[in-house]
Amino acid sequence: MTAFRFIPLSLALLVLAPAAQAQSLLNVSYDPTRELYREFNEAFAAHRVEQGLEAPVIETSHGGSGAQARSVIDGLAAQVVTLALASDIDQIATTGKLPTDWQSKLPHNSSPYTSTIVFLVRDGNPKGIQDWGDLTAEGVEVITPNPKTSGGARWNYLAAWAWAEANDRDPAEFVGQLFANVPVLDTGARGSTTTFAQRGIGDVLLAWENEAYLALAELGEDQFDIVVPSLSILAEPPVALVEGNIADDAQRELATAYLDFLYTPEGQALAFKHYYRAWDASAADPEDVARFPELDLVSIDDLGGWAKLQPEHFGDGGIFDQIYVAP
Amino acid sequence: MRAPLVQRTAMPGLGLSAGITFFMLTLVVALPIGALLWQGANFGLSNIWATINRDRVWAALWLSFRLSFLAACFNLVFGVILAWVLVRYRFPGRRIIDAAVDLPFALPTAVAGIALTALYAPNGVLGGLTNQIGWQIAYTQWGIFLALVFVGLPFVTRTVQPVIEEIETEVEEASATLGASRWHTLRHVIAPMLMPAALTGFALSLARAVGEYGSVIFIAGNIPLRTEIAPLLIVIQLEEYNYGAAGAIGLAMLAISFTMLLFINLIQIWSRRRIGHV
């Protein structure tokens, strides 16, 4: 009988997470950075040890960008957030956990790496898809996640919008036609990649450039081609230090060093390696850098900035709801 | 030596255990539902109605409840048959099937969803076959139905199984010796005894299906007005940080579910009264 007395105690120990150690950090990120941060965390820990410091314990949590932001708002104690959209971090800032001017704290709009939206098509490009205009053709099936649930999909949508604006097409009508060609709306970018690559649905996947290369590397270069459109969007996934979750000065030093390390030649080389466009190619493998073709990139600020775009396009009853749900 | 305690009720420690039970229920059930109601109260009735009263929300609610109901009906029939076969017949592999019935409980729903999608996608093993005859399952309402059947089936089987075990074969034999046909025995002797448990299983299966998210989301296709389930609409509102609107749809689902479960309970009471205590 006495053994049973310990059950509540051991249950309590199982439920409660182990207390944080002095040198630990939680990085709350979004889905497609899984591979990048796995390697980056190791490199950062090694870098700290080289400097004669204690090896830190870095934990990373991945999920949909919006869901991750909500977790942090609701109390997940992330010292560092590396999300898909500045508007998600803005939302965390409204709770006062970090200053509203967070995006000016680090270089390049606090985006150590950028990406863009490209097309992944089936081998040999049987439908002859070259640019955004081809996506609204009769019989072309487009795979993209739902802009209402996926940060990545908002970049897809805005890239199509920007192309239509630049080509004198009615952007709302064009994007409406494009989404009318979507047979499956997954909730996240990884789900869409799976639907396209493994379930064999659709003719073209609108994807983060890094996701497209990753799909190519993992699922076979003989099965898919990457098509780069004439114009796309400059996707800036930003990073920030969450002031409100910093326990002490030692942790602030660690979190700052972590984010700064993203901008070092070594950190930038890792971003290039994981198919992100980074800024400093000095330490990167030239092959990783040569991979990225030049194309016209429209920035979010060109389109009006997230603070305006987010409610106008993706808010309740916004443009996306109007063009997609209305028959 | 301890003095014998005076027992006032048949159950020892009733006060303590009831106290713990009510405390835990409050903590894990009543408080979250209360929070949902509280949020709804803050959001306001007119806002709640404005959130729900849209084509897209009605379509999703109708889809969720209709397919959950159909899946629960399917599970009622096949769950009972499965339980019957498992209890009454001895065949090789019976124990394995018996154990496998619980699998949908144990499996993370997302894993179930991905497995079902892989199987029933147009390039999957089974989806390939059905697509040849022009019947697409994944990314249609059939896919949602299938996922809901999968997650709900064990509820019916597991609630009916012990009742079937209790039914003595003598009862059937007595019925037969009195001249009843097999069908007559099934309808007037077996079915009434199974009814209350089967209805409980039906209600559980229905309730599980209504709230199901993980397993459905991969196979549904999630196209608004066609294959978009109500729980996804809640997630979409959360994604927009519209906690009030998310709560409003949640409340609508709660109200509909509550009405349905109340209705099933009434049928249960009615069926119990009709056949007496089993």
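**Close-ups of a two-chain predicted model**

**View 1. Where H9(B) meets H10(B).** In this predicted model, B:Val171, B:Glu172 and B:Ser175 of H9(B) touch B:Arg182, B:Thr185, B:Val189, B:Ile190 and B:Met193 of H10(B); contact here means heavy atoms within 4.5 Å. Sorted by class, the contact of H9(B) with H10(B) has four nonpolar, two polar and two charged residues. For the classes, Ala, Val, Leu, Ile, Met, Phe, Trp, Tyr, Cys and Pro are nonpolar, Asp, Glu, Lys and Arg are charged, and the others, Gly among them, are polar. H9 covers residues 169–177 of chain B and H10 covers residues 182–211 of chain B; their axes come within 10 Å and cross at roughly 140°. That angle makes H9(B) oblique to H10(B). On this scale, under 35 degrees is roughly parallel, over 145 roughly antiparallel, 65 to 115 roughly perpendicular, and the rest oblique. Axes are lines fitted to C-alpha atoms, for helices over the stretch in contact, with angles from 0 to 180 degrees between N-to-C directions. The crossing of H9(B) and H10(B) is right-handed, that is, the near helix is turned clockwise from the far one by less than a right angle.

**View 2. H6(B) packing on H7(B).** Helix H6 (residues 109–120) and helix H7 (residues 125–132) of chain B have axes 4 Å apart and pack at about 45°. So H6(B) is oblique to H7(B) as well. B:Ala118, B:Leu119 and B:Tyr120 come from H6(B), and B:Val125, B:Leu126 and B:Gly127 from H7(B). This contact has five nonpolar residues, one polar and no charged ones.

**View 3. Chain B as a whole.** Chain B has 13 helices and zero strands. Both are DSSP runs numbered from the N terminus (helices are H or I, at least four residues; strands are E, at least two). The C-alpha atoms of chain B fill a box of roughly 65 × 60 × 40 Å along the principal axes.

View 4. In chain A, the axes of H2 (residues 34–50) and H10 (residues 249–263) come within 11 Å and cross at roughly 120°. Among the contact residues are A:Tyr37, A:Phe40 and A:Phe44 of H2(A), along with A:Leu254, A:Tyr258 and A:Phe261 of H10(A). A:Glu253 and A:Arg48 form a salt bridge at 2.9 Å, N to O; the term means a side-chain nitrogen of Lys or Arg within 4 Å of a carboxyl oxygen of Asp or Glu. Because A:Glu253 sits in H10 of chain A and A:Arg48 in H2 of chain A, the pair ties together parts 205 residues apart in sequence.

**View 5. Where chain A meets chain B.** Chain A brings 30 residues to the contact and chain B brings 26. Together they bury about 2300 Å², with 51% of it on carbon and sulfur atoms; buried area is the accessible area (1.4 Å probe) that two parts lose on being put together, summed over both. Three salt bridges link the chains. One pair is A:Asp321 with B:Arg56, whose closest N and O atoms are 3.3 Å apart.

**Notes.** Residues are numbered from 1 along each chain as its sequence is written, and chains are lettered from A and ligands numbered from 1 in the order written. Local features need pLDDT of at least 70, side-chain atom pairs count only at pLDDT 80 or more, and totals for chains, interfaces and linings use all residues, while side-chain values use heavy atoms, leaving out hydrogens and water.
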